[in-house]
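I opened this model to look up a few things. My notes follow, in the order I took them.

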Amino acid sequence: MEAETIVLGKAYECKPVGLQSCVIGEVVRKMERCVVLNVIRYDGIDHEDIEERCGRVVAKYNEIYQPALVECFFS
């Protein structure tokens, strides 16, 4: 996605740097070539890496695929 279309506070599906699978995360910071996200959902295969990073990951703009819906079905 283009940097201009990414919105702080919104959730996106992306492939973070150094992880094996995609995650859904909320954008907390935009930088020149990448964003920092708080991870909301992830594949268990990346559990240790996400724990080591305190739930924050970095993704390049070209590795952000689409906005994600993170509504709770049981609220």
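I began with charge. The chain has 9 positive and 13 negative charges, and their mean positions lie 6 Å apart. I counted Lys and Arg as positive and Asp and Glu as negative, leaving out His and the chain ends. I placed each charge at NZ of Lys, CZ of Arg, CG of Asp or CD of Glu.

A note on the source: this is a predicted model, where local features need pLDDT of at least 70 and side-chain atom pairs count only at pLDDT 80 or more, while totals for chains, interfaces and linings use all residues. Residues are numbered from 1 along each chain as its sequence is written, and side-chain values use heavy atoms, with hydrogens and water left out.

**Fold**

I looked up the secondary structure next. The chain holds one helix and five strands, and its order along the sequence is β-β-β-α-β-β. The chain is as compact as a globular protein of its length, because its radius of gyration is 12 Å, close to the 11 Å that the globule rule gives for 75 residues. Helices (H or I, at least four residues) and strands (E, at least two) are DSSP runs, numbered from the N terminus. The radius is taken over C-alpha atoms, and the rule is 2.2 Å times the number of residues to the power 0.38.

I then checked the extent. The C-alpha trace spans about 30 × 30 × 20 Å along its principal axes. Of the contacts with a separation of 6 or more, 49% join residues 24 or more positions apart. Contact means heavy atoms within 4.5 Å.

**Ser21**

I turned to Ser21, in the loop between β1 (11-14) and β2 (23-30). Is Ser21 buried or exposed? Ser21 is buried, because its relative accessible area is 15%. The cut-offs are under 20% for buried, over 50% for exposed and partly exposed in between (1.4 Å probe, protein chains only). In the chain, buried residues make up 32% of the 75.

Which residues does Ser21 touch, not counting those up to four places away in sequence? I found Lys15, Pro16, Asp43, Ile45 and Asp46. With Asp46, Ser21 makes a side-chain to side-chain polar contact at 2.7 Å. Such a contact is a pair of N or O atoms within 3.5 Å; within protein, one must be able to donate a hydrogen and the other to accept it, and residues adjacent in sequence count only if both atoms are side-chain atoms.

**Gly9**

Last, I checked Gly9, in the segment before β1. Gly9 is partly exposed, at 43% relative accessible area. Gly9 touches Glu26 and Val27, leaving aside residues up to four places away in sequence.
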